[in-house]
Amino acid sequence: MPYLGNEDTVRDLRRALANPHVQSDQLRYRNAILKVIRLMSQGVDVSNLFSEMVKACATVDIVQKKLVYVFLCSYASLNPELSLLVINTLRKDCQDPNPMIRSLALRNMTNLRLPSLVEYVEQPLTAGLRDRAACVRRVAVLGWAKLYNLQPNSEIDAAVVNELYSLLRDTDPVVMVNCLRALEEILKEEGGVAINKPIAHHLLNRLKDCDVWGQSDVLKILQRYQPQCEDELFDILSALDERLVSPHPPVMAATLSLFLSLCSALPAVGLAALERVRGPLLAACGSASREIRFTVLCHIQLLLRSVPDLLAAHYKRFFCGYAEPAYIKQRKMQVLVELVNDDNVAMLLDELKEYCTDVNADSAQAAISAVGRIGRSYSDRCLTILTGLLGLKQDNITSAVVQTMRDLVWVCPQCSETVCSALDGCEEILHDSQGKLALLWLLGTYGDRVSSAPYTLEVFIDRVRSETSPAVKMELLTATLRLFLCRPAETQDMLGRLLHDIIEEETDLCVRDQALLYYRLLQRGIDETREVLGGRRSDPSLGVLIGRPAEPVSQWAHIFNTLKPLGQNISQADTANIGSCQRAAFDPNSDLADALDSCRLQSVQAESGSDHTPFPADVLSTGAIVPLNLLPALTPGEFERLWLRGHVPNEGQGVEHAEEEEEGVSTTELVQCGNVLHCSPQSFQAAMQLVNIQTMAFTPPQQLPWRVYLYTHTEAPPPRGTLVLAELLYTGKADEEEGSADGRNADKRAAGGQTESRVNNEEEDASGSELLERDDGRRAQVKVTVKQQPRDDEALRGFLSILTAVLHTLSAETG
């Protein structure tokens with residue numbers, strides 16, 4: 001423990017500082033002052049020595065001056081009256097021939113931070129702005145910022161502001177940068193320093209003279225300037241191109257942020273800039289500083305949202321090192337998930353498999369979650385890894401695997417058979433509440449496929465009195481009741497025991513109320529219980545569904561090179577939206593019929609001017625709803641064959657005309673729902689599955705034409721079903737005639753197994769994004785083409801009502 005001194009030590013120091021013999025010996029005097037500073041740094045209260053230290057500042061020894069000024073700035077607020085005694089010495093030092101002493105005096109004069117001393121400081125600061133020494137001007141410029149910070153409500157002196165603006169052309173680059181910083185502080189109520197064309201070009205020309213942090217500040221402020229013409233814009237970009245590949249990460253990030261700001265109207269140039277920074281980004285990932293590595297990884301995640309293939313060839317640079325901290329490992333795993341493709345998936349999964357047994361539990365859980373996210377596209381390989389991890393029988397690994405399987409099954413129901421076969425014995429290993437919740441949800445949802453589900457639930461029911469988590473008890477109630485609905489003979493006895501124990505002995509009111517709710521619901525009958533509790537089940541055969549679409553750069557450019565990406569866990573947020581949290585956003589027990597009242601379809605007018613509408617909007621109401629189901633399931637090939645068998649209405653018949661086939665009908669309607677164009681494929685698919693409509697194919701939301709293929713089976717009141725195929729199309733064209741022409745041409749391509757996920761070139765992609773953004777304000781019209789076989793007008797009206805309600809609901813959610 002360090003020696004903190006006592007009152008006797010402070011008294012001895014006071015005696016030494018006042019001793020004339022000590023004062024006459026410069027070395028002894030400096031050592032006495034040094035002892036005072038040492039005690040101050042150790043936490044000893046030496047404020048009683050303030051008057052002696054004030055006398056000590058009157059010296060020509062610059063080292064002694066620095067030590068005394070450190071003491072005075074620390075204790076000036078405790079001795080405001082005695083601090084006035086220092087002003088005369090400081091003002092005298094401001095006129096010293098030595099520029100170092102002048103700058104030292106100015107700095108400490110402003111560091112006293114006493115409002116009562118402001119009137120004494122202004123004159124030396126004004127003189128310091130015109131000092132011949134650059135080091136004095138640097139201090140004087142920042143001194144004005146400190147002065148206005150000390151009195152934020154005081155009026156801004158226009159003369160000082162003009163003087164600072166004139167110093168932007170100072171020969172010293174540090175003075176120039178300090179002026180920018182001071183003006184930002186002084187004029188923050190007015191939006192900061194104003195940048196016009198002469199100032200902007202001057203800053204660009206002087207950029208090479210600044211240090212790393214000075215360049216970063218200048219580049220950040222230059223984002224406020226908007227070039228007056230395209231030639232000027234490209235001149236600025238040419239001047240900045242050299243710093244786009246700077247070896248210094250702060251300069252590179254600031255330059256890229258400026259590029260994205262200036263090129264907001266030129267997406268192709270912005271994407272080219274992203275390609276240019278590939279090398280510096282990879283170099284920064286190997287930085288010796290952990291902070292820089294973590295920051296670069298967070299910003300790389302932003303870039304991959306718009307250019308997923310930017311670093312795909314360099315995925316090995318993101319493999320985790322043994323000695324790296326957990327927070328860097330987790331970010332690297334999230335980046336690796338974004339870089340997965342058909343070529344590298346095998347190697348990435350092998351690498352992630354090694355991380356799943358990491359000694360750090362958080363890193364192991366992050367690796368397992370990463371495998372689960374890859375499983376949405378490569379389910380067979382990932383399920384093999386996950387089921388193998390269950391064989392390790394470790395608590396934390398088993399819990400993470402079960403949670404990952406739960407989320408994976410929700411997105412990919414075709415994995416349910418493999419998951420259900422791997423759940424045996426997990427109940428004996430799980431001890432944390434999150435793992436138990438995931439296992440109970442799986443048993444309640446897919447209990448009819450797990451042979452040992454009743455016995456597993458019985459283990460939880462026998463331990464319900466010792467269970468401490470209310471959430472686990474509530475999930476156990478739901479899972480047992482759901483299993484009772486599909487396997488009543490095996491579950492009836494244990495359900496009765498569970499309800500009795502919780503109703504009679506449970507102290508948590510929420511758990512007890514839920515048990516009472518289920519008990520009274522069972523009294524109303526099995527049919528009503530199944531209707532309330534039995535959510536809609538999605539079919540295990542999914543069609544072609546792409547991953548997360550590329551986002552426009554404009555969605556994240558404003559937060560690039562800020563602290564916001566460091567606090568955003570992008571991948572986990574995406575996992576939550578797609579996984580378990582999506583069940584809250586699209587609750588299977590919710591009834592979308594309430595949203596059908598907002599259904600408003602606009603019939604497409606025929607080109608010939610005919611007012612014939614096969615399905616007027618007034619009959620598309622909730623009364624037209626019929627049950628939908630997904631069985632039998634269609635493969636992509638079958639969907640394509642059935643879709644191409646029919647004929648889309650041609651121009652001569654009018655877009656709205658319903659063309660009768662031998663056994664079916666084809667019709668086209670328009671739905672106004674602009675925000676649904678930005679809905680992610682996963683959210684769109686989840687919402688459609690809740691109403692038993694299967695998503696067969698989906699193009700990226702930000703690319704044009706935007707197209708979705710759907711199918712379902714409708715059941716009319718008579719016991720006969722009809723197959724309904726649908727296409728949602730938005731071309732971005734202002735005129736409906738062009739949109740319908742594009743729709744006819746698109747039908748000549750494969751509709752079931754292929755999605756148009758790329759536009760011909762970057763220019764067309766950029767124009768498409770602009771059209772989507774422009775149409776948001778006027779509610780874009782999505783063309784719905786429906787083909788039914790055999791024909792059933794009532795069932796078709798019901799399908800259109802449900803589809804339109806879901807589109808409006810999604811539009812409101814994304815809005």
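This is a predicted model: local features need pLDDT of at least 70, side-chain atom pairs count only at pLDDT 80 or more; totals for chains, interfaces and linings use all residues.

Colleague: What makes up the protein chain, in helices and strands?

Modeller: The protein chain holds 38 helices and eight strands. Of its 815 residues, 53% are buried. Among contacts with a separation of 6 or more, 71% are between residues 24 or more positions apart.

Colleague: Let's take a helix pair. Why are α7 and α9 called roughly parallel?

Modeller: Their axes cross at roughly 10 degrees and come within 9 Å. Angles under 35 degrees count as roughly parallel, and therefore α7 and α9 get that label.

Colleague: Which residues of α7 and α9 meet?

Modeller: From α7 they are Pro99, Arg102, Ser103, Leu106, Arg107, Thr110 and Asn111, and from α9 they are Cys135, Val136, Val139, Ala140, Gly143 and Lys146. Sorted by class, this contact has six nonpolar, four polar and three charged residues.

Colleague: Now α20. How do you know that its buried residues are on the same side?

Modeller: The buried residues of α20 are Val345, Leu348, Leu349, Glu351, Leu352 and Tyr355. Around the axis they cover an arc of only 160 degrees, which puts them on the same side of α20. Their cover includes α19 (326-338), α21 and α22 (379-390).

Colleague: What makes the pairing of Asp358 with Lys329 a polar contact?

Modeller: The side chains of Asp358 and Lys329 are joined at 3.2 Å.

Colleague: Why does Thr255 count as buried?

Modeller: Buried means under 20% relative accessible area, and Thr255 is at 0%, so it counts as buried. Thr255 lies in helix α15 (residues 249-262). A polar atom of its side chain lies 2.7 Å from the backbone oxygen of Val251. Leaving aside neighbours within four places in sequence, Thr255 is in contact with Leu219, Leu240, Arg243 and Leu244.

Colleague: Why is Asn561 called partly exposed?

Modeller: The partly exposed class runs between under 20% for buried and over 50% for exposed. Asn561 has a relative accessible area of 33%, so it is partly exposed.

Colleague: And Asn692, is it buried or exposed?

Modeller: Asn692 is at 14% relative accessibility, so it counts as buried. Asn692 too has a positive phi, about 60 degrees, although it is not a glycine. Its place is the loop between α35 (681-690) and β5 (694-698).

Colleague: Last one: which residues does the cis peptide bond join?

Modeller: The cis peptide bond joins Gln789 and Pro790, with omega about -5 degrees. Pro790 is in the loop between β8 (781-789) and α38 (793-814).

Conventions:
Residues are numbered from 1 along each chain as its sequence is written. Side-chain values use heavy atoms; hydrogens and water are left out. Axes are lines fitted to C-alpha atoms, for helices over the stretch in contact, and angles run from 0 to 180 degrees between N-to-C directions. Helices (H or I, at least four residues) and strands (E, at least two) are DSSP runs, numbered from the N terminus. Angles under 35 degrees count as roughly parallel, over 145 as roughly antiparallel, 65 to 115 as roughly perpendicular and the rest as oblique. Contact means heavy atoms within 4.5 Å. Ala, Val, Leu, Ile, Met, Phe, Trp, Tyr, Cys and Pro count as nonpolar, Asp, Glu, Lys and Arg as charged, and the others, Gly among them, as polar. A polar contact is a pair of N or O atoms within 3.5 Å; within protein, one must be able to donate a hydrogen and the other to accept it, and residues adjacent in sequence count only if both atoms are side-chain atoms. Buried means under 20% relative accessible area, exposed over 50%, partly exposed in between (1.4 Å probe, protein chains only). The arc is that of the directions from the helix axis to the C-beta atoms.
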